[in-house]
Amino acid sequence: MMEKMLDLPLRDVLHRMQASIMQPSTYRGVPALKSPTDAWVYDELIHELRPDVIVEVGVNCGGGTLRLADMCRAVGHGKVVGVDISLAKVPALVRDDPSITLIEGPALDVFDEVRWHTNGANVLVIEDSAHDFFHTLRVLHLYSTLVHVGGYLICEDSICHHGLDHGPKPGPYEAIETFLQENQSFVADRSRERFLVTWNPNGYLKRVN
Ligand SMILES: C[S@@+](CC[C@H](N)C(=O)[O-])C[C@H]1O[C@@H](n2cnc3c(N)ncnc32)[C@H](O)[C@@H]1O
């Protein structure tokens, strides 16, 4: 337990946390693959930005999606559009939530449908789908067009090979670096990483112009 492990290197802490998150953790009984430190930051962003629509690319079982919808209800504004190549694992609790719209298909192919649901609104985008470099980069370019100035595009799991010896290489971290070189409208807002521990290092991307 923690008090017996105070000299553990951060790298080992991250690996232990990853194992416990992937066990998996749940939200209202639905598996949610999310670091609690990042979930808290999402809560703060939703409260601060009051997005009309949150687009989550990569739903898995939908625990994270349900949590986003609950936070929208808590602030009294917003709905969630979830995209996944397969929705087979999503339970009725998530499917039947009136604040959640689910779209099944490859993220790059269903973008027009997603955009139709956002209808020019103030959108918060969370990319958490396939984490290979080229897919992530293409998702960032395509879905970033939904984000208004002042809004955020979050790219998850940039911890791959930048904290965890795990995942695609190159992966999300390198896709973010390339995206930021190619798109001057976004900057990494590192103040969103104040807990130090994040699965999204350099991944809180704010649209500045
Ligand atoms: C890491 S999980 C998402 C976890 C979820 N956001 C959460 O917080 O629990 C990644 C998901 O991305 C989906 N996925 C993989 N490739 C995809 C693609 N090309 N388009 C859309 N979804 C994809 C997988 O089916 C999987 O459910």
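## Sheet architecture

Strands S8 and S9 pair in the antiparallel sense, over three bridges. Within this pairing, Phe-186 has Arg-207 of S9 as its bridge partner. The model described here is predicted.

Strands of a sheet pair through backbone hydrogen bonds, in either the parallel or the antiparallel sense.

S6 covers residues 123–127, and five of its five residues are buried, so the strand is largely enclosed by the rest of the structure. In a regular strand the side chains alternate between the two faces of the sheet. Both faces of S6 are covered: Val-123, Val-125 and Glu-127 are buried on one side, and Leu-124 and Ile-126 are buried on the other.

S6 has parallel partners in S3 and S7. With S3 (residues 53–57) the parallel pairing extends over five bridges, and Glu-56 has Ile-126 of S6 as its bridge partner. With S7 (residues 152–155) the parallel pairing extends over three bridges, and Glu-127 stands opposite Cys-155 of S7. S6 and S7, together with helix H6 (residues 133–143), form a right-handed β-α-β unit.

## Helix H7

Helix H7 spans residues 172–182; eight of its 11 residues are buried, so the helix is largely enclosed by the rest of the structure. The buried residues are Pro-172, Tyr-173, Glu-174, Ala-175, Ile-176, Thr-178, Phe-179 and Leu-180. The elements that cover them include H6, S7, S8 (186–188) and S9 (204–207).

In soluble globular proteins, nonpolar side chains tend to be buried together. The largest nonpolar core in this model has 28 residues, of which Val-55, Val-114, Val-125, Tyr-143, Leu-146, Leu-153 and Phe-179 touch the most other members. At least two residues of this core come from each of S3, S4 (79–84), H5 (111–118), S6, H6, S7 and H7. H6 gives the most, with five residues. Apart from this core lies another, of 24 residues, among them Val-41, Ala-69, Met-71 and Cys-72.

Leu-153 illustrates the contacts made by a member of the largest core. Leaving aside neighbours within four places in sequence, Leu-153 is in contact with Val-125, Leu-140, Ser-144, Val-147, Phe-179, Phe-186, Gly-203, Tyr-204 and Leu-205.

## Two loop residues

Arg-192 is placed in the loop between S8 and S9. Its relative accessibility is 11%, so Arg-192 counts as buried under the 20% cut-off. A polar contact of 3.2 Å joins its side chain to that of Tyr-152. Neighbours within four places in sequence aside, Arg-192 is in contact with Val-41, Leu-45, Glu-48, Tyr-152 and Tyr-204. One of these, Val-41, is a member of the core of 24 residues.

Leu-33 is placed in the loop between S2 (30–31) and H2 (36–49). With a relative accessible area of 32%, Leu-33 is partly exposed. Not counting residues up to four places away in sequence, Leu-33 touches Ile-21, Met-22, Pro-24, Asn-60, Asp-128 and Glu-156. Leu-33 and Ile-176 are 143 residues apart in sequence, and their C-alpha atoms are 20 Å apart in space.

Key: Residues are numbered from 1 along each chain as its sequence is written. This is a predicted model: local features need pLDDT of at least 70, side-chain atom pairs count only at pLDDT 80 or more; totals for chains, interfaces and linings use all residues. Side-chain values use heavy atoms; hydrogens and water are left out. Buried means under 20% relative accessible area, exposed over 50%, partly exposed in between (1.4 Å probe, protein chains only). Helices (H or I, at least four residues) and strands (E, at least two) are DSSP runs, numbered from the N terminus. Two strands pair if DSSP finds at least two bridges between them. A crossover is right-handed if, with the strands pointing away from the viewer, the path from the first strand over the helix to the second runs clockwise. Contact means heavy atoms within 4.5 Å. A polar contact is a pair of N or O atoms within 3.5 Å; within protein, one must be able to donate a hydrogen and the other to accept it, and residues adjacent in sequence count only if both atoms are side-chain atoms. A nonpolar core is a set of buried Ala, Val, Leu, Ile, Met, Phe, Trp, Tyr and Cys residues joined through side-chain atoms within 4.5 Å.
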